[in-house]
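Hi everyone, thanks for coming. Let me put the structure up, and then we can walk through it together.

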Amino acid sequence: MKYIVTGTSSGLGFEIAKRLVDLGSVIGLSRTIGKASILLEKKNFEWFCIDFSSPFEQISPVIESSLMPVLSSEEYTLVINAAQFYLGESRLTSLETQQLFQTNLFSVMSLVNRMIGPKLKRVLFINSISGLIGQSGQHEYSASKHALKGFSSSLAKQAKDMHFDVMSVNPGGIRTELWDGNAKIATDDFIEPDNLADILVSLLKVKQRIFVDSFVILPPSDV
Ligand SMILES: NC(=O)c1ccc[n+]([C@@H]2O[C@H](COP(=O)([O-])OP(=O)(O)OC[C@H]3O[C@@H](n4cnc5c(N)ncnc54)[C@H](OP(=O)(O)O)[C@@H]3O)[C@@H](O)[C@H]2O)c1
């Protein structure tokens with residue numbers, strides 16, 4: 001199995017990729033290589049630089065040249081993990097909001113749509129508890145994650161009569177680099193990314209044609 005994981009440079013995506021290289025081959029996608037540089041030592045890990053905040057027309061040449069040739073020969077699973085987070089009292093400008101939605105929703109939809117093919121076996125969406133409920137100061141992020149829920153649920157309906165399945169998880173706080181620069185938020189009891197990655201990789205190992213919808217995983221502070 002080939003696993004394509006977005007956002008492998010840090011946090012949860014890195015922990016997931018680190019485990020998946022023991023199960024198959026992995027393609028990581030992010031703007032920087034970050035922590036994933038350590039995985040480049042492995043023969044079965046490849047990384048491509050992609051900025052999902054760019055219009056899809058701009059990144060599609062990278063997708064066509066790097067992903068599509070590999071995918072014609074092997075079964076693959078897509079893990080949609082990369083996201084732009086924003087928490088703050090002031091609201092984002094229209095342009096900033098557009099960029100956040102480009103990263104968290106528009107590029108995701110275009111990438112998934114492009115990758116639907118006979119060898120696609122599973123799509124795992126890392127959504128958020130903010131995709132199910134509103135969160136103070138997270139208006140734009142929460143809106144993008146709610147929209148992602150609409151996309152993943154609709155994709156599941158499509159996949160029902162096809163050859164792949166759809167899993168969508170909604171974690172609460174995870175102790176990752178996402179919170180760097182948000183010093184006011186206490187992350188002490190947040191879920192450790194390695195623990196969550198263990199759970200998610202177990203999900204990925206589940207036999208095909210099982211659908212997971214809105215699997216909520218919370219630390220005590222989000223209960
Ligand atoms: N941390 C939490 O409390 C929490 C809670 C619920 C859900 N989640 C979700 O969990 C997922 C992983 O988040 P995390 O906590 O692991 O955050 P993180 O450590 O900040 O990781 C985010 C990843 O996304 C990539 N990324 C961000 N913008 C990108 C862009 N424009 N183009 C390409 N890649 C981009 C980053 O790589 P580059 O910067 O190198 O591009 C990084 O690898 C996200 O979907 C997030 O919404 C997180």
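How many bridges join strand β1 to β4, and do the two run parallel or antiparallel? Four bridges join them, with β1 covering residues 2-6, and the two strands run parallel. Strands pair here if DSSP finds at least two bridges between them, and strands (E, at least two residues) and helices (H or I, at least four) are DSSP runs numbered from the N terminus.

Before I go on, this is a predicted model: local features need pLDDT of at least 70, side-chain atom pairs count only at pLDDT 80 or more, and totals for chains, interfaces and linings use all residues. Residues are numbered from 1 along each chain as its sequence is written.

Back to β4, then. Tyr 3 has Thr 77 of β4 as its bridge partner. β4 is also joined to β5, residues 120-126, by five bridges, again in parallel, and there Ile 80 stands opposite Phe 125.

Now, burial. Five of the five residues of β4, 76-80, are buried, so the strand is largely enclosed by the rest of the structure. Buried means that 20 or more other C-beta atoms, placed from the backbone, lie within 10 Å of the residue's own. Tyr 76, Leu 78 and Ile 80 cover one side, while Thr 77 and Val 79 cover the other.

Finally, the ligand. It is surrounded by 29 residues, the closest being Gly 7, Gly 11, Arg 31, Ala 83 and Thr 176; to count, a residue's C-beta atom must lie within 6 Å. Helix α1, residues 11-20, gives the most to this shell, with three residues. Thanks, everyone!

Conventions:
A residue is buried if 20 or more other C-beta atoms lie within 10 Å of its own, exposed if 12 or fewer, and partly exposed in between; C-beta atoms are placed from the backbone.
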